[in-house]
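Welcome! Open your viewer, keep the selection tool handy, and let's take a walk through the model together.

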Amino acid sequence: MVKLLKSFSISPTALRLLFKAGLLTAVLGGAYFLGFSFWPLFVFFLVLLAVYLKEPLERRLVGTSFFILAFFSVLGLAMFRSFGFNSSFLLLAAFFLFFGLFFIILGLIHFVFENRFAVYGIFNTILLLLVFLVVQRLELNDFLKYFLIFSAIMLIFRETFLYFGILLGSRVWFVSAVAGFLAVELYLLVVFLPLGFINAAAFLALFFLLIRDSLAVHFQGFLNLAFIFRQLTFFVFLTTIIFAAAKWAI
């Protein structure tokens with residue numbers, strides 16, 4: 001019986017991280033229900049910064065994702081509010097998602113996951129999807145949209161290389177900037193297709209997921225034909241599903 005209880009127990013570290021993730025989500029929710037005015041947003045980012053600075057130095061490994069997640073969660077919820085959606089289920093799902101993402105990134109800082117590289121890869125993919133979902137629906141001029149895409153993808157790729165221990169020196173900025181530029185170019189192409197913003201975001205996230213993994217494997221020296229064919233098969237299969245789900249019309 002004692003062994004059974006231990007198997008369902010949660011470590012004190014995990015409990016602290018659940019509390020911190022809940023606190024960030026609660027403050028984010030407060031900002032949402034108060035209309036994202038200046039002071040609620042100021043309190044949210046103040047709490048965010050306080051939580052981040054109290055984490056150990058390993059926070060630097062995922063610091064970029066931490067603040068990109070916070071920034072795009074605010075943008076996404078502000079967009080949700082401005083469009084006047086009345087679905088309580090979608091709103092609750094959005095807050096639950098952000099709670100889970102905050103917990104995951106805090107867990108990565110504290111190494112609470114056995115396979116932290118796999119968990120980071122999943123988190124990183126969701127973050128890519130979030131970026132492309134939000135940017136498409138923002139009511140901004142084209143230049144600001146392109147700048148957001150370029151900056152987010154460049155910073156995410158740079159952090160990914162560093163997290164996986166790929167030491168490129170000064171080249172890491174160049175390779176990451178190329179990925180950001182490619183993201184803008186592909187975005188310009190995809191927005192003209194009748195995919196719908198969800199399918200378009202899924203396709204963009206899928207494409208850059210494969211680019212990320214391929215570059216990581218290449219720089220680690222493990223790129224081979226088997227990996228390339230596996231990635232291509234995965235890409236073609238999921239792309240077919242995404243395109244088939246879209247409502248095509250002339």
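**Start with the surface**

Show the surface first: the chain exposes about 13900 Å², and carbon and sulfur atoms supply 74% of it (Shrake-Rupley method, 1.4 Å probe). This is a predicted model, in which local features need pLDDT of at least 70 and side-chain atom pairs count only at pLDDT 80 or more, while totals for chains, interfaces and linings use all residues. Residues are numbered from 1 along each chain as its sequence is written, and side-chain values use heavy atoms, leaving out hydrogens and water.

**Now the whole chain**

Switch to the C-alpha trace, which spans about 55 × 45 × 40 Å along its principal axes.

**Zoom in on a helix pair**

Select residues 63-82, helix α4, and residues 88-109, helix α5; their axes (lines fitted to C-alpha atoms over the stretch in contact) come within 11 Å and cross at roughly 175°, on a scale from 0 to 180 degrees between N-to-C directions. That makes α4 roughly antiparallel to α5 (an angle over 145 degrees).

Which residues of α4 meet α5? Show side chains for Ser65, Phe66, Leu69, Ala70, Ser73, Leu77 and Phe80 in α4. Their partners in α5, with contact meaning heavy atoms within 4.5 Å, include Leu91, Phe95, Phe98 and Phe102.

Key:
Helix = DSSP H or I, 4+ residues; strand = E, 2+ residues; numbered from the N terminus. Parallel < 35°, antiparallel > 145°, perpendicular 65-115°, else oblique.
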